Amino acid sequence: MQGRRRAKSAVGLLLGCLLVCGVALAGAAYFLLPKERLQTAPLGTLEPGPATATAAPAGPPSPATRAPRRGPSTTGYACPGFSGIQTKVPLPLVLDETFAWGNHPPAKVGDGKGNIRWDADPYKDPSWHLWLHSLRWLGNGVYGADRGNKRALDKTLAIAKDWVRDNPYPWQGASATESTMHRTNVLICIRQTTLKALKAKTLPAQHKWLDTALNDHAKFMTEHWSGIRNHGTDESIALFGIGCTYNRADLKELAVKRLNEAVVHAIDDEGTTNEQSVGYASFNYRLWGRAAEVLRACKTEPGPEIDRRREKLALWLALATKANGELHQIGNTNKQKTETAPGTPLEFVASQGKKGTKPAKRTGIYRAGYIFGRTGWGDNRPFGQESSYSIRFGFPRAYHGHEDHTAITYNWHGRDVLIDPGYLGYRKNEKQEWARTQYAHNVMTIPTAKSRNAKTKLVGAVSTPNSDYYELNDQPAEGVDRSRDVLVLKDPDLVIALDRGQSGTTQRYETLWHLPPGHQVTVDANGVAVARQPRSGMKTHLIQIPLDGAIPAGSTTVEEGRSNPAQGWFAPTIFNPVPAPVVKFTRTGQSVRILSLIIPSKEAEKVTYTTRTTGTATLVDLAVGTRKVTVKVAPFGRLTRLN
């Protein structure tokens, strides 16, 4: 306890709905958008009553999602669990008043008597501090109490009560405010467990502080709504939870109104979320499934839009899944498997085509700025031997997006070839900032010009049974026009990209190709790079094709694990980046063209190419083992497979 004074945050946190994320998007938290004050009925007293239905248009059954681990069972609004935050804090640590999160060592935050130092921040990590205030780390105390452990119940109640005492309404400081909805759910879980232990329907006088605290949390979320992104969705679910717990029709109706207002912005009518992150798209699929689930559990129909848009999102995520069952890492996305959802395309990709609904198409172009494609769904080759890709375009970077426009990721026969760097959370450092920039993605950069957050147009797209072609254009830096033509081939599976840069002044252009960690790259005298991962049985050729004279000497370089400035890293999680090679093709001039071939193959297969001209076009004849293909490169950039 801190003299019954409001706890002060020891960390300076920026507002603006930025993520403070502890586990792979489970239990994500954001900073508030500008506050919106709503005129609502007074909250009055909070006393539980029988559940009653709240009217809303009926919709189809919600697609199933993986059931999260729940807390104590109850009717109506069930304890939703603790999103994995509790896994680092087993019951002995709870009893010892010790908190742990992420890869930081456990830290004792209490005096042993239930008095917690809520301003503790030993690692100067805003995520650590936020999850301390969320109270989710008390999860194993709740589980222990639910099993009849009185010591666990007493300690959990003491710590929660100390937070309420030290952070009187309206609490301040980013960690306290941004974790409000998470803490709301924990308080509901503690309340349910306490009633079970006491075999009571209402709380006795010594525990009425729980009702008062939930009353205050309802007031806070009523007056401070984060709007149409997932933070606001989490708030609406928690607000509905209080309404369901106390049979408050006004709170339930407000929550349902906000959810229905938000879902049409959070998930567009094609299934794309507004987060600019594949990982957050997956999180939103689960989050909106939970929204529909908790409303129906409290005899409230959510309306048709949540289910309809989740159905579109399920297909979107299936197309965003690689042959190895992982999501393409775009935006703030860690390395993660696609989660199944029975009866949907997600079940199909998660089961490697053994169950679920097979998508009706192998490519998807989404106007919000995403292209996903693959060689097939396991019809003519094993599912895990298919190849897949992603390409980014569209609106300027926002929310959880990166400066990744025109970027390509590519997975060959279930193995990553071109990767996105992932992301490194929100603890500011050189690598964390780099991971968001264009230099961390497979794009043509212009380091000599001042970059800007530009919109990228998809100029054209053509698909055939054995090739997909796309043309993109933008102005990523002041005074620079950039175009990228991409041709993705099937049999042989490979990628060809033509980058064109045009400026009124001389610029340096660098096309970057980020490779997975563990690859060893060699560059020969002709500037051809070959990447190999020991004992993988495969290799990747990265070749510059001369279009405007000979390839300049020294124009192919490799960087890995560099600092100041950062380059050549990969983040499978937010905690531990590892070195990963980057192959760089460089040109200098006012107008440049860089034609790249990305050719994965088996180690024993020989890869060769020759070029010839026909009129103003260049023909590239490729051989990958016994497979041969010819590609036409038009002078204006169009790439076409000829055979």
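Numbered in sequence order, the bonded cysteines of this protein pair as 1-2, 3-4, where a disulfide is a pair of cysteine sulfur atoms within 2.5 Å. By this rule there are two disulfides. The model is predicted, with local features requiring pLDDT of at least 70 and side-chain atom pairs pLDDT 80 or more, while totals for chains, interfaces and linings use all residues. Residues are numbered from 1 along each chain as its sequence is written, and side-chain values use heavy atoms, without hydrogens and water.

Let me take the pair C79 and C189. Their sulfur atoms are 1.9 Å apart, and the S-S torsion is about 95 degrees, so this disulfide is right-handed. C79 lies in the loop between strand 2 (29-30) and helix 1 (91-95), and C189 in helix 6 (residues 180-198), 110 residues apart; helices (H or I, at least four residues) and strands (E, at least two) are DSSP runs, numbered from the N terminus. C79 is buried at 0% relative accessibility, buried being under 20% relative accessible area with a 1.4 Å probe, protein chains only. C189 is likewise buried, at 0%.

I turn to C244 and C298. Here the sulfur atoms are 2.2 Å apart, and the torsion of about 105 degrees makes this disulfide right-handed. C244 belongs to helix 8 (residues 230-245) and C298 to the loop between helix 10 (278-297) and helix 11 (304-319), so the pair ties together parts 54 residues apart in sequence. C244 is buried, with a relative accessible area of 7%, and C298 is buried, at 1%.

Technical notes: Buried < 20%, exposed > 50% of the residue type's maximum accessible area, 1.4 Å probe, protein only.
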